[in-house]
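Subject: The structure for you to look at

Hi,

Here is the structure I promised to pass on.

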Amino acid sequence: MNRVLFRFFRLRLRFVALGAISFPAANPANILRGAFGSLFRGLTCPPDCPGAQNCPNRAACPYARTFEPSASSPGPSGLHDWPRPFAFRAAHLDGKQLQPGEPFEFDVNLFDTQHPAATNFIMTFRELATAGLGPGRGRATLIDSTVENMTVDLSPPPIPVRQVSVRFLTPTELKSASGLAPSPEFGILLSRIRDRVSTLSALYGDGPLPLDHASFGTRAAAVKMTASDLTQVTGARRSSRTGQRHPLSGFTGTASYEGELNEFLPYLEAAQHTGVGRQTSWGKGHLALFAQTPSPSP
């Protein structure tokens, strides 16, 4: 059987604070977005750029592919607005108050393996740090960056696993048939992970996954959530570009599951890097596996 792989790049950026920098609780990546999009466009697009929607080289334009991705014709399952091909990883900076001279780092996972954009991200964050981060515009300097090729094997592990626990590190919102799910029931969680991983692979990676979506969802729904300790987080941000307020709400905490888990574990592993749910690019839906129990031997 051929291995099914999910590939991406992990960009790690290391800084030193030149002024005081405050990272908010619940979603520290929010201050990293700041003027990131406009700076990215200024560094990668010509001055007479007609905009992403009218870009004559849209398929390869770094800004269009990264910040305003969409298809000239419908994509997978009729998808027109494509997901942005990146995800911030900065949960460890939650509530941090940095003083001048203090080092800090964070990751950006980049899923566009057809047109890698790591160099553009590095240039943009160098400029953004120099301009200042957060409400106080505390300045920083980029001192180092590394790019690592990452691969998740989506094949089931050889040892059967019956129990797993998941920690939701940042606010997570999952869509269900009736609206936003109040809790991460396994069928809903894995269906949204399946959709995100398969869409990123189809649009930006090695192509569509050989996966029967309907039967995958049916089997996932048979796995039961046995315990949960979740907290609802409420918040919002105001866009400096449009003036609109965007919710930053969702649940955090832990959930435990039991059932036939083997085929789903690789997707949970991939979701540690892709995130799941709404606003994953900016750090929401960041989860981590922290307990796996092998099935007892017969």
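**Notes on the model**

Q279 is found in the loop between α7 (265-274) and β14 (287-294), where helices (H or I, at least four residues) and strands (E, at least two) are DSSP runs numbered from the N terminus. This is a predicted model, in which local features need pLDDT of at least 70 and side-chain atom pairs count only at pLDDT 80 or more, while totals for chains, interfaces and linings use all residues. Residues are numbered from 1 along each chain as its sequence is written, and side-chain values use heavy atoms, with hydrogens and water left out.

Q279 counts as partly exposed because its relative accessibility is 26% (buried means under 20% relative accessible area, exposed over 50%, partly exposed in between, with a 1.4 Å probe and protein chains only). Most residues other than glycine have a negative phi. R137, also not a glycine, has a positive phi near 50°. R137 sits in the loop between α4 (118-131) and β6 (140-153), and its relative accessible area of 52% makes R137 exposed.

Now for the chain as a whole. The protein chain has seven helices and 14 strands. It has 298 residues, and 47% of them count as buried. Of its contacts (heavy atoms within 4.5 Å) with a separation of 6 or more, 76% are between residues 24 or more positions apart.

There is a helix pair to look at, too. Helix α5 (residues 186-204) packs against helix α6 (residues 213-221) at an angle of about 150°, with the axes 7 Å apart; axes are lines fitted to C-alpha atoms, for helices over the stretch in contact, and angles run from 0 to 180 degrees between N-to-C directions. That angle makes α5 roughly antiparallel to α6, a label used for angles over 145 degrees. On the α5 side, the contact is made by F186, G187, L190, S191, R194, D195 and S198, and on the α6 side by H213, F216, G217, A220 and A221.

Finally, which residues does S183 touch, not counting those up to four places away in sequence? They are M225, L230 and F251. S183 lies in the loop between β9 (179-180) and α5, and S183 counts as buried because its relative accessibility is 17%.

Happy to go through any of this with you.

Best wishes

Methods:
Parallel < 35°, antiparallel > 145°, perpendicular 65-115°, else oblique.
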